[in-house]
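Please walk me through this protein structure.

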Amino acid sequence: MESSAAKYCCDNINNHESSSQSQTSTCMQKFRLYETRSNFYMIGRDKSRTYWRVLKIDRLDPSELNIREDSTTYTESECSELLRRIHEGNISTGGLRFVTICYGIVVSKTEMIPVPNAAVNSSIADSKDENRYKKLLCTVDLTKDFFFSYSYHVMLSLQKNLCNNEPGQFLYETMFVWNEFLTRGIRGHLQNTLWTVALVYGFFKQATLSVSGRDFKLTLIARRSRHYAGTR
């Protein structure tokens with residue numbers, strides 16, 4: 001996240017805000033977070049387990065989000081070998097440690113993981129503003145009225161989804177993305193949306209109906225704009 005103690009996290013890897021962005025629709029659905037003394041490593045994979053990607057996050061700078069995306073697409077065995085080499089390269093400072101499994105979402109369970117390691121003295125982490133932002137975030141019940149989709153772009157209307165005829169590309173509209181600001185730093189730095197999931201705040205209802213003996217599903221999606229957050 002944008003504040004230093006709540007940035008979503010994830011030493012041996014080879015070395016904007018706008019209302020819409022053109023993005024590749026490749027989607028990663030499961031992540032494993034590892035840490036060394038100086039870095040977090042977020043390992044992401046797709047649903048079919050055909051490719052793995054690596055995101056490296058610096059833990060030594062308490063005030064800036066320093067992240068680097070490895071451009072290599074790994075197989076499962078190659079990714080395991082990379083993690084083994086990272087562990088061996090950092091063995092003198094404790095090696096590589098597993099932190100948690102996550103899914104790029106903040107719905108069923110959430111956890112704030114500070115980016116800087118405990119040895120880095122940061123005046124920001126305990127500042128009045130930082131504590132206020134963390135407290136505000138913790139008051140939001142993320143288990144209600146938030147929804148997302150790995151396969152359908154819920155931030156777009158039905159018409160725009162139907163008119164999207166370019167394979168592998170979609171229009172990333174931010175008007176209805178609740179966590180747009182919280183993920184802006186990561187998306188802007190990496191220039192993609194592979195590592196973030198767009199949360200929509202609103203209403204979702206699906207019902208099975210029958211007309212002339214034929215059953216069909218009707219889905220209603222209502223979205224609250226991040227620009228106009230009042231009652232609807």
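This is a predicted model: local features need pLDDT of at least 70, side-chain atom pairs count only at pLDDT 80 or more; totals for chains, interfaces and linings use all residues.

The secondary structure consists of four helices and 10 strands. Read from the N terminus, the elements follow the order β-β-β-β-β-α-β-α-β-α-β-α-β-β. Of the 232 residues in the protein, 38% are buried. The accessible surface amounts to about 13700 Å², and carbon and sulfur atoms account for 52% of that area.

An open sheet of five strands, with antiparallel pairing, has the order 5-4-3-2-6. Its edges are strand 5 (67-69) and strand 6 (97-102); each has a single partner strand, so one side of each lacks a neighbour in the sheet. From one strand to the next, the twist averages 20°. In general, the strands of a sheet pair through backbone hydrogen bonds, in either a parallel or an antiparallel way.

Strand 3 pairs with strand 2 and with strand 4, and these two pairings can be taken in turn. Strand 2 (residues 30-35) and strand 3 (residues 39-45) run antiparallel and are joined by six bridges. Within this pairing, Lys 30 has Arg 45 of strand 3 as its bridge partner, and Arg 32 stands opposite Ile 43 in strand 3. The two strands form a hairpin, with three residues between them.

How many residues of strand 3 are buried? The count is seven of the seven, so strand 3 is largely enclosed by the rest of the structure. Asn 39, Tyr 41, Ile 43 and Arg 45 point one way from the strand, while Phe 40, Met 42 and Gly 44 point the other way, and all are buried. One of these side chains also has a charge over its ring: the charged end of Arg 59 sits over the ring of Phe 40, 4.4 Å from its centre.

The structure holds zero disulfides. As for individual cysteines, Cys 102 is partly exposed, at a relative accessible area of 22%, whereas Cys 163 is exposed, at 60%.

Six aromatic pairs are found in the structure. In one of them, the ring centres of Phe 146 and Trp 178 are 4.8 Å apart and the planes are at 75°, so the pair is edge-to-face. The pair links distant parts of the chain, 32 residues apart: Phe 146 belongs to strand 7 (residues 146-147), and Trp 178 lies in the loop between strand 8 (169-173) and helix 4 (180-190). Phe 146 counts as buried at 11% relative accessibility, and Trp 178 counts as partly exposed at 28%. Another edge-to-face pair is that of Phe 148 and Tyr 150, with 5.3 Å from centre to centre and 75° between the planes. Phe 148 is partly exposed, with a relative accessible area of 27%, and Tyr 150 is partly exposed at 22%.

Ring pairs also link Phe 146, Trp 178 and Tyr 201 into a cluster. A further charge over a ring involves Arg 223, whose charged end sits over the ring of Phe 176, 3.9 Å from its centre.

Terms used: Residues are numbered from 1 along each chain as its sequence is written. Side-chain values use heavy atoms; hydrogens and water are left out. Two strands pair if DSSP finds at least two bridges between them. Axes are lines fitted to C-alpha atoms, for helices over the stretch in contact, and angles run from 0 to 180 degrees between N-to-C directions. Buried means under 20% relative accessible area, exposed over 50%, partly exposed in between (1.4 Å probe, protein chains only). Accessible areas come from the Shrake-Rupley method with a 1.4 Å probe; for residues, only the protein chains shown count as cover. A disulfide is a pair of cysteine sulfur atoms within 2.5 Å. Rings of Phe, Tyr and Trp (its six-membered ring) pair if their centres lie within 6.5 Å; planes under 30 degrees apart count as stacked, over 60 as edge-to-face and the rest as tilted. A charge sits over a ring if NZ of Lys or CZ of Arg is within 6 Å of the ring centre and within 35 degrees of the ring normal.
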